Amino acid sequence: MGFLLDKKQFSATYRILLMLFVIHLSISTIEAARKLQKNGTFPALIAFGDSILDTGNNNNLNSVTKCDFPPYGKDFIGGKPTGRFCNGKILTDLIAEGLGIKEIVPAYLDPNLQSKDLPTGVCFASGGSGLDPLTSSIQSVVSASDQLNNFKDYLGKLKRVVGEEKANNIISNSVFLLSFGNNDIAITYFNTPSRSFQYTVASYSSQLADWTSTFIKDLYGLGVKKVAVLGTLPLGCLPVLRTIQEGPLRVCGDNANEAAQLFNSKLSSRVKSLSSSLPQAKIVYVDVYNPLLDIIKNPARSGFNVLDNGCCGVGAIEAGPLCNQFVTSTCANVSQYVFWDSAHPSERAYRILASPIWQNLKSNLS
């Protein structure tokens, strides 16, 4: 037996169905927008460089440049040391978080790294590393060239996990973050006679810029299109260099700061040149020198009280840039300290630096 609707019934049914369809479409649109906001514009973040970006690649190396022990990580997830040179998250994590990619970026050399982590990015950076081959050799850490080799290894794994086409798409659309030069200048140039005799500050900074260009070109040859290059920190203002260069005065060391500024200037120019010469590439220079120097010069404006000592190992800064794993005392309130140890900013300082960085990357690398 058939079922017939009169015009009024048909009209009412049609309106209900139409309303349900609109509601479903709205929910689908909101859900899609939510996922887009969560995932962001970039599928992954991949980092190379030094301790500013290292999320734990040094943990299993035979090197003294490591921090897989307390009190490092006291404010990290679970309060555990992970090999990050900080009390909590570092720039790699905070930028990935700000871009909507993921909360933390795992170290590629972590033995517990899972295949599911590969498509959203990993970190190849190694604390103590640099562009100069001598830098990584001095500290027995992963050199820039070996980081690049590890990336090639990662590419093969990524293609096996998601397929070649999707892997290529991930690589060409992801953010590649670079931080080199800090150790080359602060450790290798100023503390290794062979380099200071071989180069002037000007010629060494030019050589570092050349090495950076080569590294970026090598990445480009592997399909990388979007690169953010961090300049160096105001090295002379690191607590350890205040002590080494300025002694009891403990003011910022002019020599290291001038060398850092010179390198940053040449690096910025080189990045602009590469952006023009490499078709389809988007390469940006990210100034971290001046934003951190501004925090150091005006600590109260950002809510900091201590700018020339690290929270960890306070009173023993002459012993070196890192916290001592046998003396685990820290300051009472790390949020008041610009620096966590004698060479690395605290998580709170990193958070202040990170926000304008990821906003810059969204604008200029999308």
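Analyst: Helices (H or I, at least four residues) and strands (E, at least two) are DSSP runs, numbered from the N terminus, and a helix's expected span is 1.5 Å times one less than its number of residues. Take α4, residues 144-162: its 19 residues reach 27 Å from first C-alpha to last, close to the 27 Å expected. This is a predicted model, where local features need pLDDT of at least 70, side-chain atom pairs count only at pLDDT 80 or more, and totals for chains, interfaces and linings use all residues. Residues are numbered from 1 along each chain as its sequence is written, and side-chain values use heavy atoms, with hydrogens and water left out.

User: Which residues of α4 are buried?

Analyst: Buried means under 20% relative accessible area, exposed over 50%, partly exposed in between (1.4 Å probe, protein chains only). In α4 that gives A144, Q147, L148, N150, F151, Y154, L155 and L158. They cover an arc of only 165° around the axis (taken from the directions from the axis to the C-beta atoms), so they sit on the same side of α4. They pack against β1 (45-49), α5 (164-173), β2 (175-179) and α8 (201-221), contact being heavy atoms within 4.5 Å.

User: What takes a positive phi just after α4?

Analyst: G163, at about 95°.

User: And where is S346?

Analyst: S346 lies in the loop between β6 (337-339) and α12 (347-365). It counts as buried because its relative accessibility is 1%. Leaving aside residues up to four places away in sequence, S346 touches C86, N87, F304, V334, Y337, V338, F339 and W340.
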